[in-house]
Amino acid sequence: MNVLLSIVIFLVLPCILLSRGTIAEDNFELQLDKTAHLTTSFGLYFMFHTMYSDSLIPMISDSIPIPLHSMLSATIVGFSYEVYQSTPISRSDGFSIHDMTYNMIGIGLARTLHEILLYLRN
């Protein structure tokens, strides 16, 4: 749990403190930006799953299964990027709830596909 706390303290918390608190005026219309969020989150799930499976990065807790670790890690990356977009450093419109939704859809699709592929393999 110390790793998760460290991530929150050193990565997410400073971004939140620097944020303007702006929420982007956005919609759910599938655009290039939304497609990028969906596909990047999809790929992040598999990247984290591979890295946790091969012990290339330490897991947050041994009691949480690797797929859930992968989902949490990909969500943290997506959330951190959205918080960064609400800071004055970024030239973005702000935090987009719709982009975060597409991040979660990408992670969910990756997890579902992973389970289907594991089922078909057996």
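This is a predicted model: local features need pLDDT of at least 70, side-chain atom pairs count only at pLDDT 80 or more; totals for chains, interfaces and linings use all residues.
The chain has 4 helices and 0 strands. Read from the N terminus, its elements follow the order α-α-α-α. There are 122 residues in the chain, and 32% of them count as buried. Contacts that reach across the sequence can be described with one figure: among those between residues at least 6 apart, 70% join residues at least 24 apart. The chain exposes about 7600 Å², and carbon and sulfur atoms supply 68% of that area.

The buried residues of α2 are K34, H37, L38, S41, L44, Y45, F48, H49 and Y52. Seen down the axis of the helix, these buried residues fall within an arc of 125°, so they line one face of α2. What lies over them? The cover of the buried residues of α2 includes α3 and α4. After the helix comes S55, which has a positive phi, near 60°.

Helix α3 takes up residues 66–85. With 20 residues, α3 reaches 29 Å from its first C-alpha to its last, close to the 28 Å expected at 1.5 Å a residue. Its buried residues are P67, H69, S70, S73, A74, I76, G78, S80, E82, V83 and Q85. One of them, H69, can be followed in more detail. H69 has a relative accessibility of 0%, and therefore counts as buried. Leaving aside residues up to four places away in sequence, H69 touches Y52, M59, I60, S61 and I64. Of these, Y52 is also listed among the buried residues of α2.

Between α3 and α4 runs a loop, and F95 lies in it. Is F95 buried or exposed? Its relative accessibility is 15%, and because buried means under 20%, F95 counts as buried. F95 and E25 are 70 residues apart in sequence, while their C-alpha atoms are 9.0 Å apart in space.

The charged side chains come next. The structure holds 3 salt bridges. Two of them involve K34. In one, K34 pairs with D33, and the closest N and O atoms are 3.7 Å apart. In the other, the side chains of D99 and K34 meet at 2.8 Å, N to O. D33 is partly exposed, with a relative accessible area of 33%.

The remaining pair is E115 with R111, whose closest N and O atoms are 2.5 Å apart. Both residues lie in helix α4, 4 residues apart, which is about one turn of the helix. E115 counts as partly exposed at 37% relative accessibility, and R111 counts as partly exposed at 23%. As for the network of charges, salt bridges that share partners join D33, K34 and D99 into one.

The last stop is the surface. A nonpolar patch of about 550 Å² is made there by L113, I116, L117, Y119 and L120. I116, one of the residues of the patch, is found in helix α4. With a relative accessibility of 43%, I116 counts as partly exposed.

Taken together, α2 has a buried face whose cover includes α3 and α4.

Technical notes: Residues are numbered from 1 along each chain as its sequence is written. Side-chain values use heavy atoms; hydrogens and water are left out. Helices (H or I, at least four residues) and strands (E, at least two) are DSSP runs, numbered from the N terminus. Buried means under 20% relative accessible area, exposed over 50%, partly exposed in between (1.4 Å probe, protein chains only). Contact means heavy atoms within 4.5 Å. A salt bridge is a side-chain nitrogen of Lys or Arg within 4 Å of a carboxyl oxygen of Asp or Glu. The arc is that of the directions from the helix axis to the C-beta atoms. Patches are made of residues with over 30% relative accessible area and no salt bridge: like charges are joined within 9 Å, nonpolar side chains (Val, Leu, Ile, Met, Phe, Trp, Tyr) within 5 Å. Accessible areas come from the Shrake-Rupley method with a 1.4 Å probe; for residues, only the protein chains shown count as cover. The expected span of a helix is 1.5 Å times one less than its number of residues.
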